[in-house]
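Student: Could we go through this model together, taking each term with its definition before we use it?

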Number of protein chains: 2
Amino acid sequence: MHNKNVVPFITEKSDCGSDHPVCQACEVRACGMCPELNTHTLQELRKITRTKEYKAGEQIFCDEEPTENYATIKSGIVKLSKILPDGRQQTIGLGFPPDFIGRAFKDKNSSFASALTDVTVCTFPRELFNDYLKSTPSLEHKLFELTLNELDSAREWMLMLGRMTALEKVAALLLDFSDRLHKARILQGLDSEKNNFELLLTRAEISDFLGLTIETVSRQFSTLKQKNLIAIKNQRFIDILDRAALDILAGHENY
Amino acid sequence: MHNKNVVPFITEKSDCGSDHPVCQACEVRACGMCPELNTHTLQELRKITRTKEYKAGEQIFCDEEPTENYATIKSGIVKLSKILPDGRQQTIGLGFPPDFIGRAFKDKNSSFASALTDVTVCTFPRELFNDYLKSTPSLEHKLFELTLNELDSAREWMLMLGRMTALEKVAALLLDFSDRLHKARILQGLDSEKNNFELLLTRAEISDFLGLTIETVSRQFSTLKQKNLIAIKNQRFIDILDRAALDILAGHENY
DNA sequence: ATCTTAAATTGACATAGATCAATAATATCG
DNA sequence: CGATATTATTGATCTATGTCAATTTAAGAT
């Protein structure tokens with residue numbers, strides 16, 4: 001199991017202020033929701049949070065069971081997906097640190113969450129968190145902003161799913177993924193070549209995201225290589241050779 | 001131009017409390033965001049709100065121009081869509097009263113809004129509304145909940161767009177649309193036959209929503225008629241004859 | 001290193017849905 | 001009321017993507 005896939009998150013911004021050892025070591029103490037909490041609330045919350053780790057592939061929560069816990073992603077990438085009664089699956093989003101996972105104000109998730117890479121999360125009981133949410137406007141504000149971003153990206157993907165060709169979908173995914181990974185690396189203080197990254201998703205995971213089959217995804221990669229828009233080493237390490245061309249394919253040009 | 005497509009919204013719940021004549025006549029005074037505002041804020045807001053009407057087909061706002069105004073839908077149905085540089089279009093959501101339209105905290109919309117039916121909205125300047133939002137937690141909470149619902153439905157549609165067949169998509173749309181219309185009619189105090197409604201979207205609009213072509217949509221309607229799951233009068237008036245079968249097609253069964 | 005297993009690629013073929021084109025139904029207008 | 005325009009349906013193809021099957025590549029274990 002490769003280990004480069006943990007995506008910690010450290011910034012210079014003022015952090016959550018907790019002196020708890022786990023918080024001190026938290027990768028997202030400065031950029032998640034915790035900085036929005038006052039010291040007292042934070043200490044109360046601290047008592048009931050639990051750090052949990054998941055190996056790549058493990059399920060974090062599922063559709064059926066009532067939500068007991070919410071969580072914040074500390075490191076790694078989480079896959080959110082939906083599934084049809086007959087097993088057809090669709091990935092509906094990827095969570096990077098410090099994203100929130102769970103459905104605020106509801107006792108049931110409407111999707112499955114699983115670890116795409118090895119993942120560390122900080123969990124807290126649903127009910128209590130909802131209480132804090134109601135009494136702490138700045139916390140709710142922060143979560144609201146995260147939610148608006150998720151809505152924006154869900155809608156972006158709707159356009160992709162409904163109206164793009166297979167080749168365009170793959171181009172769009174590569175660009176989006178490279179950007180989010182790059183952003184995570186920069187915030188982490190690592191230097192990062194935007195056009196050079198490890199694709200942490202398998203072809204199967206990519207096809208679940210794009211509404212395609214494994215084979216079709218694979219063929220699009222071959223086409224992109226042939227056109228010299230990308231290079232691939234070991235099936236996982238992507239080199240973007242012609243970002244402008246990919247941008248056009250992905251429909252990112254100004255209009 | 002038919003006129004049955006206005007969807008006002010009246011409930012017994014405590015309303016916004018404004019004594020302004022426009023507010024007194026407002027279809028959504030009890031169920032939108034206004035009841036979350038205190039009297040003073042409401043009076044301030046009232047001074048700068050404008051009621052606007054749009055004919056079916058008219059554009060309400062577009063992608064390019066910076067957002068000047070937000071709005072609440074008072075009556076009618078609003079279509080939100082995205083468009084690719086080459087003109088391919090995808091509907092990403094429908095807004096019913098009392099939905100909010102616009103992107104909170106941002107000065108740019110990431111989509112187009114247009115009137116699907118004749119529409120009446122209550123508009124207010126962006127900046128000022130954002131200020132109220134920051135200083136009125138209950139208002140922000142209300143908008144947050146509306147946003148979470150939109151996120152849920154966007155994700156539901158992602159599953160639909162990525163993994164359903166044309167027939168399943170049409171079944172899912174019919175059920176969703178009938179439910180939302182029914183809910184609107186009930187809240188309005190009208191009695192409503194859930195299985196009997198006017199389809200306010202043209203085939204072109206349906207195909208933009210489902211990521212299909214007009215012809216494919218039309219063929220699915222024919223198939224559903226043939227299977228006796230629905231009946232259609234005048235191409236617009238839908239009778240759901242076998243809801244259970246449609247539910248299965250749409251993937252709504254329990255699993 | 002060699003063996004084993006899983007993941008990715010490639011090829012041959014099938015098919016759902018798109019495209020193009022003709023007709024039919026409905027709405028609009030004089 | 002008939003004439004015209006718009007929207008929907010239906011039919012005949014075509015094509016992008018899915019399906020099934022065979023290799024190839026890479027990764028992990030012994």
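Tutor: Let us start with pairing: two strands pair if DSSP finds at least two bridges between them. Strands (E, at least two residues) and helices (H or I, at least four) are DSSP runs, numbered from the N terminus. Please keep in mind that this is a predicted model, in which local features need pLDDT of at least 70, side-chain atom pairs count only at pLDDT 80 or more, and totals for chains, interfaces and linings use all residues. Residues are numbered from 1 along each chain as its sequence is written, while chains are lettered from A and ligands numbered from 1 in the order in which they are written.

Student: What makes strand β9 and β11 of chain A a pair?

Tutor: Strand β9 (residues 196-198) of chain A and β11(A) are joined by three bridges, and the pairing is antiparallel; the definition asks for at least two bridges. Within this pairing, F197(A) stands opposite I238(A).

Student: Why are β2 and β5 of chain A said to stand at the edges of their sheet?

Tutor: The open sheet has four antiparallel strands in the order β2-β7-β4-β5 (chain A). Because β2 (59-61) and β5 (89-95) of chain A each have a single partner strand, one side of each is left without a neighbour in the sheet. For β2(A) the partner is strand β7 (residues 112-115) of chain A, joined by two bridges, with Q59(A) opposite S114(A).

Student: What makes the relation between chain A and chain B a two-fold axis?

Tutor: The copies are superposed by least squares on the C-alpha atoms of residues with pLDDT of at least 70 in both. A rotation of 180° with 0.0 Å of shift along its axis places chain A on chain B, with an RMSD of 0.0 Å. That is the relation of a two-fold axis.

Student: How do you know that the copies meet through the same surface?

Tutor: Two residues are in contact if their C-beta atoms, placed from the backbone, lie within 7 Å. The contact takes 32 residues from chain A and 32 residues from chain B, and α4(A) gives the most to the side of chain A that touches chain B, with 18 residues. Since 100% of the interface residues of chain A are also interface residues in chain B, the copies meet through the same surface.

Student: Which residues come nearest to DNA strand D?

Tutor: A residue is near a strand if its C-beta atom, placed from the backbone, lies within 6 Å of it. Of the 21 residues around DNA strand D, A166(A), T216(A), R203(B), S218(B) and S222(B) come nearest, and α7(B) gives the most to this surface, with six residues. Around DNA strand C there are 20 residues, of which R203(A), S218(A), S222(A), A166(B) and T216(B) come nearest.
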